[in-house]
Amino acid sequence: MADTTEINKPFSPEETRRIVHHLQQPAVFLNMTCDWPVLHWTAEHLSSCLGDRLIRFRLGRKEKTKAPAPLFETQCSYVEASVAQFLSWTQGQSGTDVGPFSEYSYSEYWAYADYKYIAMMFQDQPFMFEHVKWSEFGFEGRNGRESTLWIGTEGANTPCHLDSYGCNLVLQVQGRKRWHLFPPEDTAKLYPTRIPYEESSVFSQVAVLHPDLRRFPAFHGASEHIVTLQPGQVLYVPRHWWHYVESVDPITVSVNSWIELEVDDIARVGEAVTKTVVCAIKSARSDDNTDNWLNPTEEEVTSHNDNMQYLNLAVRAWAQKQRSSCHSKLSPELRDTCRVKRDSGGQIKKNSDRVRNCAPFSIPYGPHLISVRCQEELRRTTPEDVEVNSSSNGAVRSQEDCAVSSDPAQTTRFAAAVRLDQRTRGRNAGSTRCRECDCADGTSKNLSEDYKASTHTTITTNDLLDCLVHPDIITRV
């Protein structure tokens, strides 16, 4: 019989949800999951639960992880194998069944079973859904059914990206993972791209561990936040925070859940616009349009008609939500004065939300909740409860670099200025910082020379898409 002893948690579900609602930067919750059965989900335990069931693993060369360019999922190899075969491969047991892993040397490759829906993996064992208790974070009824599972080896990583929808709660189960996070205000400095294309994911062109600062000089000013997540800890990733994630132990297991937000309605419109543009342009035949642009997480290229139908559905759903929300929450005498405003990020924000959010609330940081702060702050004061990697990874940054510009117009101007010439300046250069790129916003001091260089460069289809579906542009559309 299960132990029914009640364990006191540092925060009640109501308190935890209120904290999450007010958090504006990543934070780590400690001592919240000690009685969650999911903490027993080691790779060995999962192997016994799944038996001979095959799951897809992504494999990447370890040497490419150290290159000055991201190793996107389109460049990886894939195998279908059981968790037992995966474990035998990692343990180097001679004479054991490693299945398709036999074609890959463990010393040269890392493996990652990523983005696995728990609801599908354990559809014949639904009792396992209850092992994940997101309801204790104030999200009533949310458990493993709304979560995903990640199993990897040391070096396994997810390219730096931001999620278009919701916020993210991540529980570390086995081993440790290191998270490199950047705020939404740094979007231009992360050089966003939608190639490879994945619905709801915006990738960075920068290899954050080994950045090529000649090609991507603005990354020099990005405000990097790093935390190494330990088993039992839960990381909260706010909406639109960029993140690069790497496994640092031989075997890692983690579980996450994306929490829906009201602003996801308008985000779906933006994603529908992006998908329509990307699919239309990349599906057109041209000499330079032969790259592997569709992420393996996307099953197929949808037709223009289907994309336009989805766009119209998204727009109608958002408009209906706005009307019903505005009129249902306000008294009759206030309904006529309801106004829709945009926050500094271009997102829709209602007056009623602004009034509700004005209530004073102090985040209870302490031994049970630790803020993931900018690296410069952590060099001065390192929290004892969370292991932090303070390495600058070759990108020398000053204290002033942590001050991020909040002017969207400046961000857009900068993005437009460097979009077409970033591939030409130092395309084949190493990761040494370009000494001409010392302006506060990362642009070159001699823009006229850069402009002359870019006028002699052929603009590719992907260059054009980087302009058209840049997050700033999509927000304005």
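Colleague: Let's start with one residue. Where is histidine 131 found?

Modeller: Histidine 131 sits in the loop between helix H5 (118–121) and strand S5 (148–153). Keep in mind that we're looking at a predicted model.

Colleague: Is that histidine buried or exposed?

Modeller: The cut-off for buried is under 20% relative accessible area. Histidine 131 counts as buried because its relative accessible area is 19%. Leaving out residues up to four places away in sequence, histidine 131 touches Trp36, Pro37, Val38 and Trp41.

Colleague: And what does the other end of the scale look like? Where is isoleucine 459?

Modeller: Exposed means over 50%. Isoleucine 459 is in the loop between helix H12 (447–455) and helix H13 (461–468), and it is exposed, with a relative accessible area of 53%.

Colleague: Now a helix. How do I read which side of it is buried?

Modeller: An α-helix has 3.6 residues a turn, so residues three or four places apart point the same way. Take helix H1 (residues 13–22), where Thr16, Ile19 and Val20 are buried. These residues lie on the same side of H1, because they cover an arc of only 95° around the axis.

Colleague: What covers the buried residues of H1?

Modeller: The cover includes strand S1 (27–29), strand S12 (234–237) and strand S17 (369–371).

Colleague: How about a residue in a strand? Which one holds tyrosine 197?

Modeller: That's strand S9 (residues 192–198). Tyrosine 197 is buried, with a relative accessible area of 1%.

Colleague: What does tyrosine 197 contact, leaving aside its neighbours within four places in sequence?

Modeller: Its partners are Glu271, Thr274, Lys275, Val278, Trp293, Leu294, Asn295 and Glu298. There's also a C-alpha separation to look at: tyrosine 197 and cysteine 279 are 82 residues apart along the chain, yet those atoms are separated by 9.0 Å.

Colleague: What pLDDT does the protein chain average?

Modeller: The average is 83, and 75% of the residues score at least 70. Over residues 333–356, though, the pLDDT is below 50, and the model gives this stretch 37 contacts beyond near neighbours in sequence. Residues 383–443 also stay under 50, with 140 contacts beyond four places in sequence.

Colleague: How should I treat stretches like those?

Modeller: Where pLDDT is low, the predicted coordinates should not be read in detail.

Notes:
Residues numbered from 1 in each chain as written. Predicted model: local features only at pLDDT ≥ 70, side-chain atom pairs only at ≥ 80, totals over all residues. Heavy atoms only, no water. Helix = DSSP H or I, 4+ residues; strand = E, 2+ residues; numbered from the N terminus. Buried < 20%, exposed > 50% of the residue type's maximum accessible area, 1.4 Å probe, protein only. Arc of directions from axis to C-beta. Contact = heavy atoms within 4.5 Å. pLDDT = per-residue confidence, 0-100.
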